[in-house]
Structure formats: C-alpha cells, structure tokens
Amino acid sequence: MTLFHFFNCAALTFGPHAVYYKATPLSEYDTAGSSIKAAIVYLGTTLIKLVCLATFLQGTETEGFDFSQEVLKALIGFLDVAGLYFALTQLTYRNISQTHKFQAVGLGWAFADSVVHRLAPLWFGARDLEFTWDYLLKGLESNANLVFTVSLAALGSLMWLRKNKPAALVPFIYASAGLVATMPSITSYLLRGLHWDLSKVVGFELAASLVVAFVTWRLYSACQRPS
C-alpha cells in the first residue's frame, strides 16, 4: 500500500512533464537535448541561489513570516530569471523555432525543479505507513509549477528574443513576468504569513497558474500577429 501511494504521488508529480513532452510537437522535433541543457542550467542556478541564501539570510528559529527576509529571498529568487535568460539566449540549440525553444527550456527547467525539491521528500515520506494528503498536494503543486515555468519561459522569449513585438504590450509582458517570478514569495506569504493550510495554497497556485497560462497565451499570440 505504501509503495502504491508512492507511485501514485510520483506519477502525479512527474507524469505531466512526460505527457507534455509527448503530447506536443516537442517529441516530434526531438528537443530532449534542449530540455537537458535547460535542466543543467537550472542546477547551476540553484547552486548559486543556495550559496546566496546561506551567505545573506540570517538563521531564525521561528516559523513566521519575516518580511525583510522574504524580500531578500525574492530578490535572490530572481536569479531564476537570469538563469532562464542564459538558457534561452546563450545556449546553442538545434534548428528549432522560438515556440519550441521556450517550451523545451521551460519543460526541462520545471522537471529539474521537481526532481530537486520533490523526489527525496516523496521517497522518504510517501512510503510511510500513515497515509497523508500532503504528497498528493505536492504533486498538484508540481503541476502548477510546470505551468508557471513554461509561462515564464514564454514571456522571457518575448522579452529577449522577439524584436518586433507591439510596443503597447511590452509593459504587460514585463509585469506578467515579474508576477510569475515572485509567485514563490506570494505563496510563502500565504502559507507562513496568513497561515493558510497547504490545500488552500495549492488551490490558489492551480487557479493562478490557469490565469497566468491564459494571459501568457494571449500575449504570445498577439506578438505573433504581423504588425
């Protein structure tokens, strides 16, 4: 029963990444190498973030929401944007379109994030004898993170790769990207500042991911129209 629960949670956490790859043209254009490159950049970015967090954040014994510490963590979290910039603009890929590039980068980035942050807790926690919903919720959270990451990669491709985008949309693109980049701080405030339980936070993330995906799709579609 415990292994069955583990495999269910693992499928919910990592399965959507495989489904996304197979259900989109990414598999037809063999973009797995591009996703692997993005995953490697993610690992390097995460290592730099860990060094910055250990250097600049003060240790605290409380579980509450410390505004100054959270602001600092949010600023350090923007290193993810820098990492995505590097993955989208500085790495060389085989001849794929901009649309396939941001999807491959976003997918590789999100999968690496799920492995780093969720695989070990799943392995050691989901096999416990006592059933808990936490790991299923973490799996749903991984799905929301996949949407956020692909959306941020799409917005990044508009900011850094698309040259002839409509000037009226530029503020909305940057504002949307900034909002997505600060989503971890928003959820941290809900969880630790407002003391929402995990189910409410995950529900918020899922709803927000749908809104972000819709807005990103509209912005990306508008930028593809001939001016």
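Colleague: How far apart do the end C-alpha atoms of residues 168–190 lie?
Modeller: This is a predicted model. UniProt, in an unreviewed entry, lists residues 168–190 among the spans annotated "transmembrane region". In the model that span is 87% helix and 0% strand. Its end C-alpha atoms are separated by 33 Å.

Colleague: What is the helix content of residues 202–220?
Modeller: The UniProt record also places a "transmembrane region" at residues 202–220. The end C-alpha atoms of this span are 26 Å apart, and its strand content is 0%. The helix content of residues 202–220 is 100%.

Colleague: Which element gives the most residues to the lining of the largest pocket?
Modeller: The largest pocket holds about 1300 Å³ of space and is lined by 39 residues, with K49, D113, H117, P184 and T187 nearest its centre. Elements giving two or more residues to this lining include α2 (32–56), α5 (98–125) and α6 (134–160). With 8 residues, the greatest contributor is α6.

Colleague: How many residues in the lining of the largest pocket are charged?
Modeller: The lining includes 21 nonpolar residues and 8 polar ones. The charged residues number 10.

Colleague: Is helix α1 roughly parallel or roughly antiparallel to α6?
Modeller: The axes of α1 (residues 2–23) and α6 come within 8 Å and cross at roughly 10°. Angles under 35 degrees count as roughly parallel. Therefore α1 is, relative to α6, roughly parallel.

Colleague: How many charged residues does the contact of α1 with α6 have?
Modeller: Residues making the contact include H5, C9 and L12 of α1, and Y135, L136 and G139 of α6. By class, the contact has 9 nonpolar and 6 polar residues. Of charged residues, there are none.

Methods. Residues are numbered from 1 along each chain as its sequence is written. This is a predicted model: local features need pLDDT of at least 70, side-chain atom pairs count only at pLDDT 80 or more; totals for chains, interfaces and linings use all residues. Side-chain values use heavy atoms; hydrogens and water are left out. UniProt positions are given in the numbering used here, feature names are shortened, and annotations may be inferred rather than shown by experiment. Helices (H or I, at least four residues) and strands (E, at least two) are DSSP runs, numbered from the N terminus. On a 1 Å grid over the protein atoms alone, a cavity is a set of points where a 1.4 Å probe fits but cannot get out, and a pocket is an open set with protein on both sides within 12 Å along at least five of seven lines; lining residues have an atom within 4 Å of a point. Grid points are joined across faces, edges and corners, and a volume is the space filled by probe spheres set on the points. Ala, Val, Leu, Ile, Met, Phe, Trp, Tyr, Cys and Pro count as nonpolar, Asp, Glu, Lys and Arg as charged, and the others, Gly among them, as polar. Axes are lines fitted to C-alpha atoms, for helices over the stretch in contact, and angles run from 0 to 180 degrees between N-to-C directions. Angles under 35 degrees count as roughly parallel, over 145 as roughly antiparallel, 65 to 115 as roughly perpendicular and the rest as oblique. Contact means heavy atoms within 4.5 Å.
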